[in-house]
Amino acid sequence: LDALATLNGWDRSGGTHKSQDLLRHLLRLRQALLGKHGTLMAAFRAMDVEKDGALTIQELAKGLKGLDVTVAPAERAAILAYADRDQSGSIEFNEFRRLFANLPQQLPDMDAFLANRNP
């Protein structure tokens with residue numbers, strides 16, 4: 001899955017400004033999640049419909065649908081690809097927390113992730 005290639009034109013040729021676009025988008029999502037649920041744990045639990053401790057792309061889509069932030073299918077897939085560090089196909093809470101914690105400090109990691117994706 002190379003959803004990042006289609007995510008608002010974010011591809012490996014984009015360099016740092018593409019990572020900054022991803023960062024801004026994740027910051028908006030974090031603000032919306034915290035505004036609606038209060039904590040990242042509460043947001044995760046609300047989205048984890050199957051109560052199995054992991055978010056599928058479908059659960060992520062449903063959970064983000066109620067926010068005042070537009071998240072296109074390609075963006076959801078890209079978020080899953082970036083967050084899913086163990087490549088299990090879902091986002092466990094530790095990955096979810098890591099995704100939204102210390103976002104500005106993740107910029108170098110985002111650069112590396114984007115650079116290592118297939119064109």
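Analyst: Helices are DSSP runs of H or I with at least four residues, strands are DSSP runs of E with at least two, and both are numbered from the N terminus. This is a predicted model, in which local features need pLDDT of at least 70, side-chain atom pairs count only at pLDDT 80 or more, and totals for chains, interfaces and linings use all residues. Residues are numbered from 1 along each chain as its sequence is written, and side-chain values use heavy atoms, with hydrogens and water left out.

User: In what pattern do the helices and strands follow one another along the protein chain?

Analyst: The protein chain contains six helices and two strands. Read along the sequence, their order is α-α-β-α-α-β-α-α.

User: What percentage of the residues of the protein chain count as buried?

Analyst: A residue is buried under 20% relative accessible area, exposed over 50% and partly exposed in between (1.4 Å probe, protein chains only). Of the 119 residues of the protein chain, the buried share is 45%.

User: Which residues of helix α5 are buried, and what arc do they cover around the axis?

Analyst: Helix α5 spans residues 93-100, and its buried residues are Phe93, Glu95, Phe96, Leu99 and Phe100. They lie on the same side of α5, because the arc around the axis, taken from the directions from the helix axis to the C-beta atoms, is only 160°.

User: How are the rings of Phe93 and Phe96 arranged: stacked, edge-to-face or tilted?

Analyst: Rings of Phe, Tyr and Trp (its six-membered ring) pair if their centres lie within 6.5 Å; planes under 30 degrees apart count as stacked, over 60 as edge-to-face and the rest as tilted. By this rule there are four aromatic pairs. With ring centres 6.4 Å apart and planes at 35°, the pair of Phe93 and Phe96 is therefore tilted.

User: Why are Phe93 and Phe96 separated by about one helical turn, and what is the relative accessibility of Phe96?

Analyst: An α-helix has 3.6 residues a turn, so residues three or four places apart point the same way. Phe93 and Phe96 are three residues apart in helix α5 and therefore about one helical turn from each other. Phe93 counts as buried because its relative accessibility is 17%. Phe96 is buried as well, with a relative accessibility of 1%.

User: At what angle do the ring planes of Phe96 and Phe100 stand?

Analyst: Phe96 and Phe100 both belong to helix α5, four residues apart, or about one turn, and both are buried. Their ring centres lie 5.2 Å apart, and the pair is edge-to-face because the planes stand at 70°.

User: Which residues form one aromatic cluster?

Analyst: A pair of aromatic rings is described by the distance of the centres and the angle of the planes. One cluster is formed by Phe44, Phe93, Phe96 and Phe100.

User: Which residues of helix α6 are exposed on the face turned away from its buried side?

Analyst: In helix α6 (residues 107-116), the buried residues are Leu107, Met110, Phe113 and Leu114. They cover an arc of only 120° around the axis, which puts them on the same side of α6. The face turned away from that buried side carries the exposed residues Pro108 and Asn116.

User: In which loop is Gln87 found, and what is its phi?

Analyst: Most residues other than glycine have a negative phi, and most peptide bonds are trans. Gln87 is found in the loop between α4 and β2, and its relative accessible area of 70% makes it exposed. Its phi is positive, near 55°.

User: Where does Lys51 lie, and what is its phi?

Analyst: Lys51 is in the loop between α2 (40-47) and β1 (54-55). Lys51 counts as exposed because its relative accessibility is 59%. Phi of this residue is positive, near 55°.

User: Which side chain does the side chain of Ser88 join in a polar contact?

Analyst: Ser88 is in the loop between α4 (73-83) and β2 (91-92), and it is partly exposed because its relative accessibility is 41%. A polar contact is a pair of N or O atoms within 3.5 Å; within protein, one must be able to donate a hydrogen and the other to accept it, and residues adjacent in sequence count only if both atoms are side-chain atoms. A polar atom of the Ser88 side chain lies 3.2 Å from the backbone oxygen of Ser90. Its side-chain contact, at 3.1 Å, is with Asp86.
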